Amino acid sequence: MKPILKLYRGYANEEELIVFGHVARTSSPGNYEFEKKRFKNAKSVLQVFRIKTIPNADVYLEHNGIKIHTKALDDGYFKFCIPLKEKERAGHGWMDYQVSTFHEGKEIIEKGSFIRPHEGNLGFISDIDDTFLVSHTRNVFKKIYILLFRNVNDRKIFQDVVPHYQALSTAGRNKKDEQNAFFYVSSSEWNLYRFIVKFTEKHDLPRAVMLLKDIKTSLMDFLVTGRGNHGHKFDKIKHILEFYPHLQYTLLGDDSQHDPFLYEDVCKIFPLTVKAVYIRQTGSAKKEKAVRAVKNMESMGVAVCYFKESKEAIEHSKRIGLIS
């Protein structure tokens with residue numbers, strides 16, 4: 001059966017290139033149709049969670065004139081971590097990469113993109129659900145209803161998120177075409193990657209590398225989408241901070257799940273690296289545990305804003321000199 005390659009945005013520093021994706025079967029109903037309404041949208045969403053991946057598939061990365069070979073993991077996921085020589089490090093910003101596989105002697109090629117951030121001092125890591133995308137994570141039934149019956153055009157974004165994120169993306173930049181490093185790290189699964197890309201593009205949010213949760217391959221998995229252990233978020237944030245250790249980071253999340261405590265732990269391990277933390281209040285009142293986490297981060301010298309409306313976050317960012 002003919003395979004397809006699903007590529008995600010990769011990233012590089014001066015020493016290493018990392019690109020990744022999944023190999024799936026052509027018959028897999030994994031293509032989300034963004035404009036469908038109501039039940040047709042629900043059918044399209046459910047199809048995304050019925051994707052069938054191909055374990056141990058041969059995958060090739062075209063790099064510097066040679067084909068680098070690897071194989072997909074048991075869930076069809078593949079990842080290339082490639083050390084870079086000095087002559088391979090030219091250029092910053094978004095660049096293309098090419099991955100291929102073979103089927104019955106014919107090469108199947110897909111192109112993706114990766115970023116080597118422009119030289120600068122700032123990096124930004126944001127959660128997705130209930131941080132900028134209204135998802136109602138605290139109410140699992142409402143969350144699933146909205147995911148099923150609201151298409152990408154009907155999904156809501158929090159007011160004033162876009163000007164805040166755009167200002168952060170260009171903070172400290174003199175050139176219009178240069179932006180700061182931006183990452184979206186979420187407990188949403190790779191199944192929803194194309195939906196998230198489409199949503200962020202629709203609302204002019206910063207183009208970012210996305211690091212999501214392991215792909216799901218059954219309808220039963222759909223019922224627990226975005227839930228469960230959030231340790232992968234901590235691991236991915238830790239990896240980013242170690243991969244770009246010279247940057248000063250701002251972390252953006254919400255209090256619907258574990259972000260305040262994940263970010264608190266990150267601040268403890270990287271005492272010189274985290275500049276600011278933003279936590280969106282998702283309920284009618286601030287959570288006591290989240291308030292304690294905020295106070296603890298502040299005691300470590302981190303500028304923290306626990307806010308209800310994004311305009312509060314914008315004012316805070318101006319006050320601490322993060323944006324002008």
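Predicted model: local features only at pLDDT ≥ 70, side-chain atom pairs only at ≥ 80, totals over all residues.
Entry 1: I began with the strand order. Six strands make up an open sheet, arranged E11-E10-E9-E12-E13-E14, with parallel pairing. I then looked for the edges and found strand E11 (209–213) and strand E14 (303–307), each of which pairs on one side only.

Entry 2: I followed strand E12 (residues 248–254) along strand E13 (residues 274–280); the two run parallel and are joined by six bridges. Within this pair I located tyrosine 249, which stands opposite valine 274 in E13.

**Entry 3: helices on the sheet.** I next examined helix H8 (residues 288–299), which packs on the sheet and touches E13 and E14. The direction of H8 makes about 160° with that of E14. I also traced helix H3 (residues 161–170), which lies across strand E9 (122–126), strand E10 (181–189), E12 and E13. Relative to E10, H3 runs at about 135°.

**Entry 4: a helix pair.** Which angle do helix H1 (residues 38–48) and helix H2 (residues 140–149) form where they pack? I recorded about 100°, with the axes 6 Å apart. H1 is therefore roughly perpendicular to H2, as angles of 65 to 115 degrees are classed that way. On the H1 side I listed Arg38, Phe39, Asn41, Ala42, Val45 and Leu46 as making the contact; on the H2 side, Tyr145, Leu147, Leu148 and Phe149. Sorted by class, the contact of H1 with H2 has eight nonpolar residues, one polar and one charged.

Note on methods: Residues numbered from 1 in each chain as written. Heavy atoms only, no water. Pairing = 2+ DSSP bridges. Helix = DSSP H or I, 4+ residues; strand = E, 2+ residues; numbered from the N terminus. Contact = heavy atoms within 4.5 Å. Axes fitted to C-alpha atoms, helices over the stretch in contact; angles between N-to-C directions. Parallel < 35°, antiparallel > 145°, perpendicular 65-115°, else oblique. Nonpolar A, V, L, I, M, F, W, Y, C, P; charged D, E, K, R; others polar.
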